[in-house]
Amino acid sequence: MCGASFSSKLALTLYSFFSLCCINSFAQNCNNRLSIQVIDLHDGTPLENATVQTNDLLGTTDFDGNLIFENLCEDTYVLTISHEDCESLVQTVDIKKDTFRKIRLEHHLNELEEIMIISNNRNNSRTLFENKISKEVLDDYNSRTLGEVLKTVTGVSSLNSGSYLSKPVINGLHSSRVILINNGVRLEDQEWGIEHAPSIDINSIDKISIIKGASALKYAGDAVGGVIIAESSREKLLDTVYGNATTNLQSNGRGGSVSTNFTKTNSNGWYYRLQGTLKRMGDFETPEYVMTNTGFLEHNLSLKAGLNRIDHGFDIYYSLFSNRLGILRSSHAHTAIDIINAIENDIPHIIEDFSYDINIPRQKISHNLLKLRGFKNFDFGKLSLRYDFQSNDRKEYDIRRGDRTRPALDLNLQTHSIAFDLESKFENNSNLKTGISARYQKNFPDPATGVKRIIPDYKKYDFSLYSVFDIGLSNDWLLEAGMRYDFSHIDAYKYYRTSLWEARNYDELFPEFVVEDLGLNTLTNPKFDFHNISSNIGLKYSISNSENIFFNYSMSSRKPNPSELFSEGLHHSSARIEIGDLSFNSEVGHNFSLTYDSSNEKSSLVVNTFANLVDDFIYMIPVDLMPTIAGVFPYWEYKQEDAKLFGFDVKYDRQYFTNFFIGHQFSIIKGYERENDKPLINMPPVNLKNQISYSIPKMNNLNLSLESEYVFRQNEYPNNNFEVFIPTEDIYLTLDTSTPPGAYHLLNFASSIGFKSENGGNYKINLRIENLLNHHYKNYLNRLRYFTHEMGRNIMLSVSYNY
Amino acid sequence: MKIFKYALLAIPFLYFSCDDDNDTPEPINEEEVITTMTVTLVNHQNGSDVVTMQTQDLDGDGPNAPVVTVSGPLTAGTSYAGSIQWLNEMEDPAEDITLEVQEEDDEHQVFFSASGVGMEFVYMDFDGNGNPLGTQFVLAPLGAGSGSVTITLVHEPNKPNDGLDTAGGSIDIQTTFPVTVE
């Protein structure tokens, strides 16, 4: 090791000097001199304190990287050159006369490669199987949303509200149970809402990792469903410029996107990166009708700059995600009867000609993220410090009486967080990650809307500590164990309807929260503290180089979100009254997963099974009907019940001959209440995907593939139907919001071809046709399925240029 | 250690933004709520025969059910001039929503129906396109008996239409009044 103390090196040098003398005195023709200069291959700087050893000679280079061995005999010498933090280099030198040798040691590059390797394989846990989405797949989906690209992973589905709003569902769970990490920052974007899609642009990401059913304790302890980690790639330590420009056009929605990114890096570690995306779509279309008012406009921007050195660095990252999107015009329902009418009609009651207009109802979202991060390596490990600020602004415009153009919902969520992390490596093949973080969050619902606040004003203070330790027990066994503690204090101000406050017995349960009784409403100041522990223990057994078994148990604790605690009243977009509960405690998930993974050059197989026992699972059920002046509404309450979810998924890919590739994916998930085995709502149906591809590398990497996706009907669902009185006809009708639509089968075609351009860049052209057969179907996991079918055929053409 | 200096620069942000503006949020003026619908029926033949039907739900989407009252029986074989008033009594003073409905007459329509007793309804006011609105109407009880009258205000129906079932739009208010015809 190069880090030996100066005195020992001196001793060795002296020793070699004396040895030299001795050799000299007995050998003939031994007056040759070997001069060596050791320099950094990367930037040519001399390397001091490099050790050079040959036979029993040993020396170290001086300040200028020079070293001289004198009185060498004519012979072939094998030199071993080493330097701090470098792998040794071996070179042979034939000595016949005085010789000078310049030795380039791959100082920086070695370290760079090491970083690249770590970066490529950098798993968030060593004992959890992570599903990854590569840059190539992200490129193919660059005009789409995060929710759609995540669906390419077995066991991940999406819960949609129309064609564009798409929320990831991991192992049957979603919203607050799935945590999204964007470039190391936990996304705080009002993820609790079922019609709130993640505020993240897939064009700003180079890699996504999905951890099913467990928390990545470094980031969160409350990921009962799973964690999605989105990252941009690390900058190269070279003097170079690289980037990409992509244009995408699609037939359905008659729109497209343009996206570009540009990175400038320097070998001294400084870099910057710019990225931007613009997307514009008009109304989407089913095979039979136009989905009026479903277009959207999205523009995103990200900037990153910093210094990336081996032992220290920092970066500043800013991203803006903003969009404006139409909500299907005919999904605007005020009462249960409106929904009955919509279901009976089968097609929306408002169908207009295709248009790019984004009318009311619509959403307007902008998400700003600013991150500052620095790290430095010390003897005891890598210490990093991170500060981030996020501001999420959500405006929802609804159809309102009068000429009210103000939004009906206007929320601003601001989050500041600061975190210290320490990663230490030990010699016995073990690693320890520890960290401490604090977060402050403030939600502000603008009262100017003239509509009762859905989410109240609140301030939230979080504090967390975590520690994750892993150790290689032998060549085959790896053990990981971690624990995290989260403290949260919520301080909310909310106007409750006095009648509700009393009907829920809150006046007796929480009299201390009351600030003022204003007659119709009561101003309250609910304050809560939550102490949560989450933990994780995992084992990885390597059967061979190509086969691994992962076992993991993780316990995640999630505090109730603001919607679960504070909801009270009519939720227009779902035409139901939703009531939260102030007395909820944290939900605790116990997830057991077992994964078998085998891969070789020709094939790969991943089998994943899981069981997730969730105590105090928070979910909503209809309990009653509530008469109001606008008619009778279903009255849904959040409840806490124990639940169980289990399932398995399989992914098998195999290459036949040299050019054929066949892939299969299958996943099944079941979820029930534990007490009475009643199925949970919105569980993804069983689905089977098959893919066959043919590639011709000689023809510009032409790749043709056909994908088949069969989604079974969900046969297990809770029956939440109820009778609605139709006064005009004096009869009762059943409002059937539960029965899932039938199974469907979609065929997709994909092709790509690449060209090299003269200046070293390359073009890639993608043609993709989704729903090739223009199948007319409904999707159980689309919240708007009562009002509309899914998108028909969509032909997408994209051209991208990489340089 | 330069990086830490940069990182430390971030910390003041935290303090600046944590300023404790201990303000309680201002109450919201719930503007679009309809709490009260009052239907006044005046007998064409006898001006002193006035029947008032009212539904009032002062806590809106709160748990208290609307209070429905009908002042008295209707007289068979006559006709009544009907008018409807909608109020938002959550605001102080109460806001008369009727004016708003009349101003946006092309975006609204009132629908009438009866069950158990024979009734005839005639629209007396129309929007700019000549399609019915229904804040003014005539109600004619055909024969004696008891049953109910349902009045529905629909926002953004397809106009013209052949009735509530196919009009689309969304229901702003719908109330069934028990009636007796003598």
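**View 1. Ile81(A) stands opposite Leu89(A) in β6(A).** This close-up comes from a predicted model, in which local features need pLDDT of at least 70, side-chain atom pairs count only at pLDDT 80 or more, and totals for chains, interfaces and linings use all residues. As you look around, remember that residues are numbered from 1 along each chain as its sequence is written, while chains are lettered from A and ligands numbered from 1 in the order in which they are written. Strand β5 (residues 75-82) of chain A runs antiparallel to β6(A), and 7 bridges join them. Strands, like helices, are DSSP runs numbered from the N terminus (E, at least two residues, for strands; H or I, at least four, for helices). Two strands pair if DSSP finds at least two bridges between them.

**View 2. Strands β3-β2-β5-β6 of chain A form, in that order, an open sheet of 4 strands.** The pairing here is antiparallel. β3 (57-60) and β6 (89-95) of chain A each have a single partner strand and stand at the edges, so one side of each lacks a neighbour in the sheet. From one strand to the next, the twist averages 25°. For such angles, axes are lines fitted to C-alpha atoms (for helices over the stretch in contact), and angles run from 0 to 180 degrees between N-to-C directions.

View 3. Which strand pairs with β7(A) in the parallel sense? Strand β1 (residues 32-40) of chain A does, over 7 bridges. Within this region, Ser35(A) has Phe100(A) as its bridge partner in β7(A).

**View 4. Chain A is divided into domain 1 (6-107) and domain 2 (122-802).** These bounds come from an automatic or database domain assignment. The centres of the two domains, taken over C-alpha atoms, are 58 Å apart. Chain A holds 8 helices and 42 strands. Along the principal axes, its C-alpha atoms fill a box of roughly 120 × 65 × 50 Å.

**View 5. The contact between the chains takes 54 residues from chain A and 50 residues from chain B.** Two residues are in contact if their C-beta atoms, placed from the backbone, lie within 7 Å. Strand β20 (residues 362-378) of chain A gives the largest share of the side of chain A that touches chain B, with 4 residues. By class, that side of chain A has 29 nonpolar, 16 polar and 9 charged residues. Here Ala, Val, Leu, Ile, Met, Phe, Trp, Tyr, Cys and Pro count as nonpolar, Asp, Glu, Lys and Arg as charged, and the others, Gly among them, as polar. For the complex, the predictor gives an ipTM of 0.83 and a pTM of 0.83.

**View 6. Chain A has a mean pLDDT of 87, with 92% of its residues scoring at least 70.** Over residues 1-27 of chain A, the pLDDT is below 50. pLDDT is the predictor's confidence in each residue, from 0 to 100. It also stays under 50 over residues 109-121 of chain A. In chain B, the mean pLDDT is 87, and 88% of residues reach 70 or more. Residues 7-20 of chain B stay under 50. Where pLDDT is low, the predicted coordinates should not be read in detail.
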